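Take a walk through this model, one site at a time. Keep the sequence and the structure side by side.

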Amino acid sequence: MAVNIAVVGATGAVGEEFLRILETRKFPIKELRLLASRRSAGKKMQFRGADYTVQELSKHSFQGIKIALFSAGASISREYVPYAIESGAVCVDNSSAFRMDDDVPLVVPEVNPQEIAKHHGVIANPNCSTIQMVVALKPIHDAARIKRIVVSTYQAVSGAGLKAIDELQKETMSVLSGKEGFKRYLFPHQIAFNVLPQIPQNNAFLSNGYTSEELKMINETKKIMGDNSIRVTATTVRVPVVRGHSESVNVETEKKITAAEVKRLFSKAPGVTLMDDPANQVYPLATNAVGKDDVFVGRIREDESIANGINLWVVSDNLRKGAALNAIQIAEMLLCQTAG
Ligand code: A2P
């Protein structure tokens, strides 16, 4: 049954990806409403060969809408998700606004799809780095119970939106041309040819020295895996890559699991592609993950410094599985549940 869909933040990096995925997955849409700020009102966007006009988001934007996909930042979600719910829509929210609320499901369909049915009008889409990590870790947790995770991320600039891509591209050209005085407008330091251990770039560090992105990885992992006993520590880092997050993940398990067993698990895990042929220099790369749906895993090794440890290299398209695709998979499951 075709439904009315609203996309909040349609003109952003994730918003554009929403449209691409809705198109290719043949999502059953009766009416599509594209919403953004006043700056974009009147702008035309293409969907399934037709022109759509972007409308300014308001509290009246959701009349008749069945599913609202939000990706315009946490403050917009906090303000407008309640209006959408009041109008009868179910919201899939890509922001961090409601993720840790007890009565809001935080869902990765390969990990905890059963949570979707418990929603009260909003389902939260997790943080991009967390999504790809838990897709990879779920089969290991089921087989050997993960006790501890140590993760370091190498995150693409598109996670910070279209402006961040623009800054990386302009700054790269400026450095290459040897010009002085490039005016940064987003990142606190040069991102071109550099690596910044601060995500998000505009947030103060917390009193314990962590960033909010690191805390998201720690807290959201436990909530999605449904296991508060997993110990997690994270260092999140921005690298000069446009698209595709990479992660070095070290896990300690309760039960011994060998690298060969982990590879076998990944070869049949949903949403995972095993890319692990070091002799032929085959391992996951951000450039290969762009535009793909899966989480790619490779460099699988036993951690020889402890009894039960595994090292992994995990890569995925942060705008797809890390954001728009995961949200649309949730929306598809919602539709199945209401149809059933
Ligand atoms: P706009 O393009 O009109 O600014 P990104 O993450 O790529 O920066 O995109 C953010 C998205 O959120 C854009 O679609 C942006 O719309 C939207 N957005 C930002 N501020 C608002 C707002 N006040 N009301 C509605 N949409 C907003």
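Two residues are in contact here when heavy atoms of each lie within 4.5 Å. The model is a predicted one. With that cut-off, D51 touches K44, M45 and Q46, leaving out residues up to four places away in sequence. D51 sits in strand β4, residues 50-53. One of these neighbours also makes a polar contact: the side chains of D51 and Q46 meet at 2.8 Å. Now look across the model. The C-alpha atom of D51 is 42 Å from that of G178, and 127 residues separate the two along the chain.

Stay in this part of the sequence for R48. R48 lies in the loop between β3 (44-47) and β4. Its phi is near 50°, a positive value in a residue other than glycine. Most residues other than glycine have a negative phi, and most peptide bonds are trans. R48 counts as partly exposed because its relative accessibility is 39%.

Move on to R99. The UniProt annotation "binding site", from an unreviewed entry, covers R99. Such annotations may be inferred rather than shown by experiment. R99 is placed in the loop between β7 (90-93) and β8 (122-124). Is R99 buried or exposed? Its relative accessibility is 5%, so R99 counts as buried. Its side chain has a polar atom 3.2 Å from the backbone oxygen of S95. Beyond four places in sequence, R99 contacts N94, V104, L106, A124, N125, P126, N127, K216, E220 and K223.

N127 belongs to the loop between β8 and α3 (128-144). With a relative accessibility of 3%, N127 therefore counts as buried. Its contacts, again beyond four places in sequence, are R99, E213, K216, M217, E220 and G322.

Next comes a helix pair. Two packed helices are described by the angle between their axes and the distance between the axes. What is the crossing angle of α3 and α8? The axes cross at roughly 85° and come within 8 Å, with α8 spanning residues 320-339. Angles from 65 to 115 degrees count as roughly perpendicular, so α3 and α8 are roughly perpendicular to each other. On the α3 side, C128, I131 and V135 make the contact; on the α8 side, K321, G322, A323 and N326 do. By class, this contact has four nonpolar, two polar and one charged residues.

S316 is found in strand β14, residues 309-316. At 1% relative accessibility, under the 20% cut-off, S316 counts as buried. Setting aside residues up to four places away in sequence, S316 touches Q132, G244, H245, A289, D294, V295 and K321.

Finish in the loop between α4 (162-176) and α5 (212-225), which holds P200. The peptide bond from I199 to P200 is cis, with omega near -5°. F193 is also in the loop between α4 and α5. F193 has a positive phi of about 55° although it is not a glycine. Is F193 buried or exposed? F193 is exposed, because its relative accessible area is 55%.

Terms used
Residues are numbered from 1 along each chain as its sequence is written. This is a predicted model: local features need pLDDT of at least 70, side-chain atom pairs count only at pLDDT 80 or more; totals for chains, interfaces and linings use all residues. Side-chain values use heavy atoms; hydrogens and water are left out. Helices (H or I, at least four residues) and strands (E, at least two) are DSSP runs, numbered from the N terminus. Buried means under 20% relative accessible area, exposed over 50%, partly exposed in between (1.4 Å probe, protein chains only). A polar contact is a pair of N or O atoms within 3.5 Å; within protein, one must be able to donate a hydrogen and the other to accept it, and residues adjacent in sequence count only if both atoms are side-chain atoms. Axes are lines fitted to C-alpha atoms, for helices over the stretch in contact, and angles run from 0 to 180 degrees between N-to-C directions. Angles under 35 degrees count as roughly parallel, over 145 as roughly antiparallel, 65 to 115 as roughly perpendicular and the rest as oblique. Ala, Val, Leu, Ile, Met, Phe, Trp, Tyr, Cys and Pro count as nonpolar, Asp, Glu, Lys and Arg as charged, and the others, Gly among them, as polar.
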